[in-house]
Amino acid sequence: MENVKVAVIYYSATGTNYTMGQWAVEGAEAAGAEAKLVRVPELAPDEAVHANPVWKQHLEDTSHIPEATLADLEWADAFIFSMPTRFGNLPAQMKQFIDTTGGLWMNGQLINKVVSGMSSAQNPHGGQEATVKNLYTTMMHWGAIIASPGYTDPVTFASGGNPYGTSVTVDQEGNMQEDVEEAVKHQAKRTVTVASWVKKGMEQQ
């Protein structure tokens with residue numbers, strides 16, 4: 001069987017979810033997968049980005065990261081999405097990308113893809129869980145298979161205890177308040193494991 005292919009798809013204004021995405025790639029590769037990191041396009045107007053020096057700098061620093069395309073969704077056996085919450089929901093940038101997948105959905109090309117989600121916010125009850133669950137609502141429409149971390153490893157408890165997907169609190173200076181690196185890597189490894197089961201099962205049909 002070919003290695004599982006994982007697309008880590010993120011949106012990040014100031015770097016938190018970029019870092020989580022990098023950890024997810026490392027975790028997926030450690031589990032034997034072929035992984036790629038891609039970012040959804042920035043939609044905010046230049047004046048909004050330039051008004052925040054950290055946002056502007058991060059956008060410049062990550063300009064080398066390829067933008068996510070529908071071809072990435074076709075290529076991958078599994079997706080790991082990482083994004084900040086926006087009022088308990090997906091940021092517009094991530095939602096816009098997902099809203100372009102209608103053709104793939106209509107042709108059944110997203111069925112049985114394995115998916116997992118991660119999020120961040122500025123306080124512990126800022127909508128991280130709701131954001132991941134709202135992502136999963138769309139994944140159910142796709143016919144995808146959700147691989148949430150649950151409490152499958154003690155690292156989940158040590159990183160905030162979110163069973164839906166690893167999430168982190170970020171202070172006003174952009175510092176992560178919980179140590180979630182190992183939780184992210186565990187979630188990525190679990191996603192790869194579930195995807196390998198699905199891939200093997202489908203090849204035996």
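**Exercise 1.** Work out how many positive and negative side chains the protein has, and how far apart the centres of the two sets lie.

*Solution.* Keep in mind that this is a predicted model. Start with the charges: 13 side chains are positive and 23 are negative.

**Exercise 2.** Check the radius of gyration of the protein against that of a compact globule.

*Solution.* Begin with the chain, which has 205 residues, so a compact globule would come out near 17 Å. The protein has 16 Å, and that agrees. Next, look at the box: along the principal axes, the C-alpha atoms fill roughly 55 × 40 × 30 Å. Now turn to the inside, where buried residues make up 51% of the 205. Finish with contacts: of those with a separation of 6 or more, 77% join residues 24 or more positions apart.

**Exercise 3.** Phe87 and Asn112 each have a phi to look up; where do these residues sit, and are they buried, partly exposed or exposed?

*Solution.* First, the background: most residues other than glycine have a negative phi. Phe87 has a positive one, near 55°, and sits in the loop between β3 (78–84) and α5 (92–98). Its relative accessibility is 88%, so Phe87 counts as exposed, the cut-off being over 50%.

Now Asn112: phi is near 65°, again positive, and the residue lies in the loop between α6 (102–106) and β4 (114–121). With 31% relative accessibility, Asn112 counts as partly exposed.

Methods: Residues are numbered from 1 along each chain as its sequence is written. This is a predicted model: local features need pLDDT of at least 70, side-chain atom pairs count only at pLDDT 80 or more; totals for chains, interfaces and linings use all residues. Side-chain values use heavy atoms; hydrogens and water are left out. The radius of gyration is taken over C-alpha atoms; the globule rule is 2.2 Å times the number of residues to the power 0.38. Buried means under 20% relative accessible area, exposed over 50%, partly exposed in between (1.4 Å probe, protein chains only). Contact means heavy atoms within 4.5 Å. Lys and Arg count as positive and Asp and Glu as negative; His and the chain ends are not counted. The place of a charge is taken as NZ of Lys, CZ of Arg, CG of Asp or CD of Glu. Helices (H or I, at least four residues) and strands (E, at least two) are DSSP runs, numbered from the N terminus.
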